[in-house]
Amino acid sequence: MASSSALPPQRSSPVIRDACDIASRLNASAEAAMGNAELAARWATRRVDDERPAAPASPKKYDVFINHRGVDTKHNVARLLYDRLEHLSRGQVRSFLDNKSMHPGDRLHESINEGIRQCRVAVAIFSPHYFDSDFCLHELANIVESRKLLIPIFYGIKPSELILPQEVVDSQTFMPRDIDRFRFALKEAKYTVGLTHDPAKDDLADLVLTAANAVMERIQETEQRVPQRQMILSRL
């Protein structure tokens, strides 16, 4: 999980500071002897820590990746799930949601791939227009190929409907290898236990709460596995 506390500024060790202070005084004396009063003053007041660059900002870390079709779910289940996870974890669980996690200047493919690489749990929200998006299909394939723990949400669509449309297969947009990847990823999602929701009659709040709890449980499971694995390795 991402930490909410900032790292303290790093400072030079006393030995390094003393050596550099001596060097600064010697340089100041040399400049003064040559009549360079301005440079002498600069050397005399120079400190090592003033010259150290600021510590780089910590890279973003994501625990959850939300794969979704924006036109169907961005302003309902996807955004509500994002907010709910943040609330449940008190900001400790970070979710990747494109319009919340990317900013002007970010490289689209690199940002998405990095979000998938970092995540421990991926949520795929399947909806009626899901197959219209190249990004949805590529993201799902990357998630499955990366062997990420996948929680499917079938929003207005049944698991049996996770079949790549013929128009996508026949299009000139994708290589045959891409079609195979998409089909395999959809098959994996189809046979993974998930959550179903009918927008016409089901309560959206119940779906979001159930999905968020499922994600949090899976994250806790992954955290518990890490100490166990470290204990096993320590015994080898």
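**Where does Asp-203 lie?** Asp-203 sits in the loop that links strand 5 (195-197) to helix 10 (204-235). Before the views, a word on conventions: this is a predicted model, where local features need pLDDT of at least 70 and side-chain atom pairs count only at pLDDT 80 or more, while totals for chains, interfaces and linings use all residues. Residues are numbered from 1 along each chain as its sequence is written, and side-chain values use heavy atoms, with hydrogens and water left out.

**View 1. A patch of negative charge on the surface.** Asp-198, Asp-202, Asp-203 and Asp-206 gather here. Such patches are made of residues with over 30% relative accessible area and no salt bridge, like charges being joined within 9 Å; a salt bridge would be a side-chain nitrogen of Lys or Arg within 4 Å of a carboxyl oxygen of Asp or Glu. The place of an Asp charge is taken as CG. Asp-203 is partly exposed, with a relative accessible area of 43%; buried means under 20%, exposed over 50%, and partly exposed in between (1.4 Å probe, protein chains only).

View 2. Follow the order 2-1-3-4-5, with parallel pairing. Strand 2 (95-96) and strand 5 are at the edges with a single partner strand each, so one side of each has no neighbour in the sheet. Strands here are DSSP runs (E, at least two residues) and helices are runs of H or I (at least four), numbered from the N terminus; two strands pair if DSSP finds at least two bridges between them.

**View 3. Strand 3 and its covered side chains.** Six of the six residues of strand 3 (residues 121-126) are buried. Val-121, Val-123 and Ile-125 point one way, while Ala-122, Ala-124 and Phe-126 point the other way. In a regular strand, side chains alternate between the two faces of the sheet.

**View 4. Strand 1 beside strand 3.** Strand 1 (residues 64-67) runs parallel to strand 3, and four bridges join them. Look for Val-64 opposite Val-121, and for Ile-66 opposite Val-123.

**View 5. Phe-126 facing Phe-154.** Strand 3 pairs with strand 4 (residues 149-155) in the parallel sense over six bridges, and Phe-126 stands opposite Phe-154 of strand 4. The two residues are 28 apart in sequence and 5.0 Å apart in space, C-alpha to C-alpha. Phe-154 is buried, with a relative accessible area of 2%.

Key: Patch = residues over 30% accessible without salt bridge, like charges linked within 9 Å, V, L, I, M, F, W, Y side chains within 5 Å. Areas by Shrake-Rupley, 256 points an atom, 1.4 Å probe, with all protein chains shown as cover. Lys, Arg positive; Asp, Glu negative; His and termini not counted.
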